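The paragraphs below go through one chain and then its contact with a partner. Please keep the sequence and the model in view while reading.

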Amino acid sequence: MTESFPSFDDTEVGIERRFIPKAKDIDEDIAWAQINGDVLRSMERPRPLYWVIFISSLGLFLFGVYCEIYQYNTGLGVADLRNPQVWGLYIATFIFWIGMSHSGTLLSAILHIMHADWRKPIYRFAEAMTTFSLMTAGLFVLVHLGRVWQFYYVVAYPNERWAWPNFSSPLVWDATAIGSYLTTSVIFLYFGMIPDLAICRDNATGYRRTFYRALSVGWKGTDRQWSNFRVTYLTIGCLLIPLAVSVHSIVATDFAVSQQPGWHTTSFPPYFVAGALYSGCAAIITLFVILRYTFRFEKYMTIPILEKLCKLTFAISMVWTYLNLIEYASVWYGTDPYAKQALIFRATGTYAWFWWAMNFLGSVLPFTLAVKRLRINIPIMLVVSLLLNVGMWIERFMIVTPTLAHGYYPWTWTDGWWPNWVQVGIVLGSFGWFNMLFMLFCKIFPSVSMYEVKEMVYHRRQPHKARKAVPAET
Amino acid sequence: MTKKAFVLGLFDDFGMAAITIAALRESSIPGFKMQDVTLKSPIDHPECAAELGPRPVYIQIFSLMGAVLGSSLGFLGISSAQANFLRQPRGGFPIVPIPPNMVITYELFILTAVFFTITACLIVWKIHSVKTSLYDTQISVDKIGILVKAEPAALVRIREIFTKHDALEILESD
């Protein structure tokens with residue numbers, strides 16, 4: 001029996017493809033064997049820049065460890081944390097890393113559900129970024145505690161000492177939400193990698209073969225494995241999206257439920273989620289450029305994909321800008337004089353430079369992403385993406401420090417407070433830790449999804465043939 | 001009962017693999033069932049796999065079970081533990097605060113659903129794994145394999161079908 005399909009060339013898409021020249025996301029003629037070869041080779045011989053990044057990251061990480069040990073042994077006083085500046089850079093950076101983690105979910109889960117196949121060559125490292133960002137964020141929860149050895153007090157568990165967590169506190173929700181998100185992200189990252197781990201197994205020898213064999217859990221690419229894999233991956237993706245939204249909403253709630261002027265804003269949760277997606281997308285652009293060069297992924301991380309990523313980032317930046325303006329407007333036209341005073345203090349006080357820099361980098365600079373000539377220029381995009389993330393880090397700093405510096409009571413005002421070297425060292429160490437883990441990941445695991453790129457190439461190469469392969473004539 | 005043997009045919013494209021599977025289905029060779037045919041491929045190709053006949057996936061049922069269990073345990077577990085602390089009342093605070101508990105219930109709802117989903121998938125893979133060493137690493141590169149488990153008497157005709165449909169390579173094992 002032959003099922004009749006309309007000729008692909010007669011469809012609107014077919015006509016558009018014939019007459020409107022469009023840059024291809026990926027070279028459709030690339031052979032599957034070459035995809036395997038390129039990605040596996042990237043794990044063997046990266047460019048020297050890889051080692052430069054890895055070693056400098058290790059150096060930063062070790063400096064951060066030194067600062068943390070010093071702080072642990074001496075006390076939080078050495079970090080100049082005191083009332084009301086009890087959080088300093090630690091919680092600002094915690095929010096930053098939590099925000100970065102949202103990009104993987106956006107690219108993997110949301111775009112996967114929307115069948116945006118341009119994400120396929122780049123989603124794997126975005127997922128890895130999610131996982132390592134969350135791990136880094138989790139460290140800051142520990143770092144900012146005075147008594148680190150009692151960290152388990154934030155976890156929702158009953159105990160015989162009646163140190164019962166306050167379930168009405170969003171800090172307890174935080175622990176649950178971040179724990180759930182980290183676990184699910186690790187599962188999602190690992191599970192999506194299984195077919196690629198089998199490819200690594202088939203090409204490895206010695207202890208590496210044993211390692212990949214254990215991780216590939218008997219994957220042979222059978223039809224039953226594929227069908228169950230697809231459903232499982234999609235299901236976990238669908239579950240991950242609300243989880244990601246809940247995590248940053250809860251982090252926002254930590255602030256919004258307090259009475260502190262400047263934090264007590266209804267729009268905080270969506271504002272945080274938009275900011276998270278924004279900084280995550282900007283970070284993906286940065287890593288896209290670095291990986292493309294370091295691992296020779298020019299064929300997979302192409303300019304048209306970078307363009308799409310830039311457009312997505314630009315759209316999200318405008319959502320963030322809108323929510324930012326909403327926050328300013330609701331405070332400005334609201335009836336709370338203290339909140340209004342806090343806003344004026346941000347724009348004109350000690351931290352004014354940061355406030356203006358945040359608004360410029362977060363809302364004006366993204367317009368470079370809307371210009372095609374700039375968007376396709378890789379060095380410019382690297383600089384812009386880094387600056388966007390600087391802007392987003394400043395945003396988190398502006399949420400925490402100036403607000404605590406200018407509360408209800410004038411006698412608590414600490415206008416001239418600046419973080420000292422211990423705090424800065426630990427924050428730099430966190431960047432080293434993240435980069436180190438990420439670079440290690442790219443060396444040990446395939447950072448481009450081989451099977452998904454094969455699918456992308458296959459379906460783009462022969463969309464009509466792929467459909468016609470089904471009805472077999474016998 | 002005769003011990004069954006395995007034969008693996010390697011093909012260059014999905015179109016030919018689909019035609020071969022259809023030919024196997026219509027061949028009515030004694031000592032061979034369509035359930036014992038497995039398609040192996042470097043990418044997911046549901047259209048080609050559809051030629052093998054219905055092979056339903058039940059993973060979502062386990063996801064649902066996990067979600068129900070997670071939300072129930074999340075809410076009831078925490079609430080019952082909180083209720084145990086009636087001996088330690090705090091003025092003005094509810095014994096079982098519903099909205100905060102809903103947040104934790106929501107997180108556990110998702111987490112348990114994820115655990116059940118992935119566990120179910122791994123179990124299903126284990127149940128359906130074909131016990132044979134017959135595997136070609138080209139399958140993870142760019143070749144499509146059709147693995148058939150059949151009685152030794154049927155292997156000759158299966159090989160003929162593979163050859164007729166331009167199989168690149170045919171491998172056998174006991």
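Two residues are in contact if their C-beta atoms, placed from the backbone, lie within 7 Å. In chain B, residues 24 or more positions apart account for 81% of the contacts with a separation of 6 or more. This is a predicted model, in which local features need pLDDT of at least 70 and side-chain atom pairs count only at pLDDT 80 or more, while totals for chains, interfaces and linings use all residues. Residues are numbered from 1 along each chain as its sequence is written, and chains are lettered from A in the order in which they are written.

Chain B has five helices and four strands, which are DSSP runs (helices H or I, at least four residues; strands E, at least two) numbered from the N terminus. Their order from the N terminus is β-α-β-α-α-α-β-α-β. The C-alpha atoms of chain B fill a box of roughly 85 × 35 × 25 Å along the principal axes.

Turning to the partner, 54 residues of chain B are in contact with 49 residues of chain A. On the chain B side, the largest share, 16 residues, comes from H4(B).

Helix H9 (residues 223-256) of chain A packs with H3(B) at an angle of about 30°, the axes being 9 Å apart. Axes are lines fitted to C-alpha atoms, for helices over the stretch in contact, and angles run from 0 to 180 degrees between N-to-C directions. H9(A) is therefore roughly parallel to H3(B) (angles under 35 degrees count as such). Asn228(A), Val231(A), Thr232(A) and Thr235(A) in H9(A) meet Ile59(B), Gln60(B) and Ser63(B) in H3(B).

Definitions and conventions: Parallel < 35°, antiparallel > 145°, perpendicular 65-115°, else oblique.
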